[in-house]
Amino acid sequence: MRAICVASAVLLGAGALASCVPAADAAVHTGFGFSVEPSTVAAGGEVTLRVVRNEACRGEAAVNSPVFDVVTIPPEESWATAVVDWDAKPGAVYDVEFQCDKSSGTARLTIAGGRPTHHPTHHSTHHSTRHPHKGVHAGEGGTVAGFDLKEIGLGAALIAGSLGVAYHFSRRRTDEDAG
């Protein structure tokens, strides 16, 4: 009987931890790192597209999405910018596909509800001399940067609650055990 309670507590805890993983923001990739920054942007806004150069991505990288024109990142560069279409649907999530050499991967771009206050006068897709001051977000496409304090607090509360319930059920005794 005690083994069933412990197994139930373990499964409840594992389920709570698994539910804290943001599936919509997870990037799928193979071979090289890449990111879209920011991962949420208003229609008409600008995003920075980054690739991590390694043995899987030495040549020209092509970045494609339904909400901006195809952007190419030359072999000697690791980033470029793109302007999101003004008619992108607010609240929608779009795939951004990165292709480099024989590797490819997909990141997600969410369109925010508002619109930027300025209208860009040009659509720049490549900067060859200016480099950003921040480091590259490698790994899961920079998805960790998308968390906010509410999400972290909610995840911590879910984990703490599930651990409390698991402890309660594992320590609860039946009338026969109490004697």
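A disulfide is a pair of cysteine sulfur atoms within 2.5 Å. Keep that in mind, everyone, and let me show you around this protein.

First, what are we looking at? This is a predicted model, where local features need pLDDT of at least 70, side-chain atom pairs count only at pLDDT 80 or more, and totals for chains, interfaces and linings use all residues. Residues are numbered from 1 along each chain as its sequence is written, and side-chain values use heavy atoms, with hydrogens and water left out.

Let's begin with the overall layout. There are three helices and nine strands in the protein; helices (H or I, at least four residues) and strands (E, at least two) are DSSP runs, numbered from the N terminus. Along the sequence the order is α-β-β-β-β-β-β-β-β-β-α-α. Of the 179 residues, 32% are buried, where buried means under 20% relative accessible area, exposed means over 50%, and partly exposed lies in between (1.4 Å probe, protein chains only).

Now take contacts, meaning heavy atoms within 4.5 Å. If we consider contacts between residues at least 6 apart in sequence, 67% of them join residues at least 24 apart.

Back to our opening term. How many disulfides does a search of the whole structure find? It finds one. The partners are Cys57 and Cys100, with their sulfur atoms 2.1 Å apart. This pair links distant parts of the chain: Cys57 sits in the loop between E4 and E5, Cys100 belongs to strand E8, and 43 residues separate them. The link is right-handed, with 90° about the S-S bond. Are these two cysteines buried or exposed? Both Cys57 and Cys100 are buried.

Let's stay with E8 and move to the inside of the protein. A nonpolar core is a set of buried Ala, Val, Leu, Ile, Met, Phe, Trp, Tyr and Cys residues joined through side-chain atoms within 4.5 Å. The largest one here has 28 residues, and Val47, Leu49, Phe68, Phe98 and Leu109 have the most contacts inside it. Several strands give two or more residues to this core, including E4 (46-51), E6 (68-73) and E9 (103-112). Which element gives the most? That is E8, with four residues.

Tyr94 counts as buried because its relative accessibility is 18%. Pro66 is 28 residues from Tyr94 in sequence, yet their C-alpha atoms are 7.1 Å apart in space. A polar atom of the Tyr94 side chain also lies 3.3 Å from the backbone nitrogen of Lys89.

Most residues other than glycine have a negative phi, and most peptide bonds are trans. Asp101, in the loop between E8 and E9, has a positive phi near 50°. Asp101 counts as partly exposed because its relative accessibility is 46%. Then there is Pro38, in the loop between E2 and E3: the peptide bond from Glu37 to Pro38 is cis, with omega near -5°.

Finally, helix H2, residues 149-171. H2 has 23 residues and reaches 33 Å from its first C-alpha to its last, close to the 33 Å expected at 1.5 Å a residue; that expected span is 1.5 Å times one less than the number of residues. Which residues of H2 are buried? They are Gly155, Ser162, Ala166 and Ser170.

How values were computed: Polar contact = N/O pair within 3.5 Å; in protein donor to acceptor, adjacent residues only side chain to side chain.
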